[in-house]
Amino acid sequence: AELRRPEPDILDALRNYQGCDDKIRAAISQPSPQTEAEAWRAVLPAVRNLKKFYDYSAEIERILPRMLDKLCDGPDVAKNLEKRQATAKRFADVIHFASEFDDLKMINPSIQNDFR
């Protein structure tokens, strides 16, 4: 299977990610049906986003080595890049996406905190 094109909505969701830590802390420190319901309302969309982030990163981890093998197969890598331009372009797109993804993840600690 080929790696699907990096989805802009994944980066948009990452840029706009709102952590759940305040709602979770409130539900733990002041347990009530209201605080628990508020925590669930905050957590469920976050879990869906985190799952989407995880699934795409797992897809990259699974397919990227195969793409690289195709590009580096044989003694003439330059010829492979010329012959497999679509694969090279997709590889570059994924590397660019992964770099932006990591940058966004690093500046939003809620993502890492909510993942634990």
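Start by selecting G74, which sits in the loop that links α3 and α4. This is a predicted model. Is G74 buried, exposed or partly exposed? Its relative accessibility is 43%, so G74 counts as partly exposed. G74 and A58 are 16 residues apart along the chain. Draw a line between their C-alpha atoms, and the separation is 27 Å.

**Next stop: N80**

Select helix α4, residues 77–83, and pick out N80 within it. Show the surface around this residue. N80 has a relative accessible area of 9%; the cut-off for buried is under 20%, so N80 is buried. What does the side chain of N80 reach? Show the backbone of L71 and look for its oxygen: the side chain of N80 comes to it at 3.1 Å. Then display the surroundings. Setting aside neighbours within four places in sequence, N80 touches K70, L71, C72, D73 and G74. G74, the loop residue from the opening stop, is one of these contacts.

**Along α3: N49**

Move to helix α3 and select N49. N49 is partly exposed, with a relative accessible area of 23%. How many residues apart in sequence are N49 and D9? They are 40 residues apart, yet from C-alpha to C-alpha the distance is 10 Å.

**The helix pair: α3 and α5**

Two packed helices are described by the angle between their axes and the distance between the axes. Here the angle is about 140°, and the axes are 10 Å apart.

Now show the side chains where the helices meet.

- From α3, select F53, Y56, I60, L64, M67, L68 and L71.
- From α5, select T87, A88, R90, F91, V94, I95, F97 and F101.

What kinds of residue make up this contact? There are 13 nonpolar residues, one polar and one charged.

**Last stop: the core**

Finish with the largest nonpolar core, which has 22 residues. Which residues have the most contacts inside it? Select F53, F97 and F101. Then colour the elements that give two or more residues to this core: α1 (8–15), α3 (33–72) and α5 (85–107). α3 gives the most, with 10 residues.

Note on methods: Residues are numbered from 1 along each chain as its sequence is written. This is a predicted model: local features need pLDDT of at least 70, side-chain atom pairs count only at pLDDT 80 or more; totals for chains, interfaces and linings use all residues. Side-chain values use heavy atoms; hydrogens and water are left out. A nonpolar core is a set of buried Ala, Val, Leu, Ile, Met, Phe, Trp, Tyr and Cys residues joined through side-chain atoms within 4.5 Å. Buried means under 20% relative accessible area, exposed over 50%, partly exposed in between (1.4 Å probe, protein chains only). Helices (H or I, at least four residues) and strands (E, at least two) are DSSP runs, numbered from the N terminus. A polar contact is a pair of N or O atoms within 3.5 Å; within protein, one must be able to donate a hydrogen and the other to accept it, and residues adjacent in sequence count only if both atoms are side-chain atoms. Contact means heavy atoms within 4.5 Å. Axes are lines fitted to C-alpha atoms, for helices over the stretch in contact, and angles run from 0 to 180 degrees between N-to-C directions. Ala, Val, Leu, Ile, Met, Phe, Trp, Tyr, Cys and Pro count as nonpolar, Asp, Glu, Lys and Arg as charged, and the others, Gly among them, as polar.
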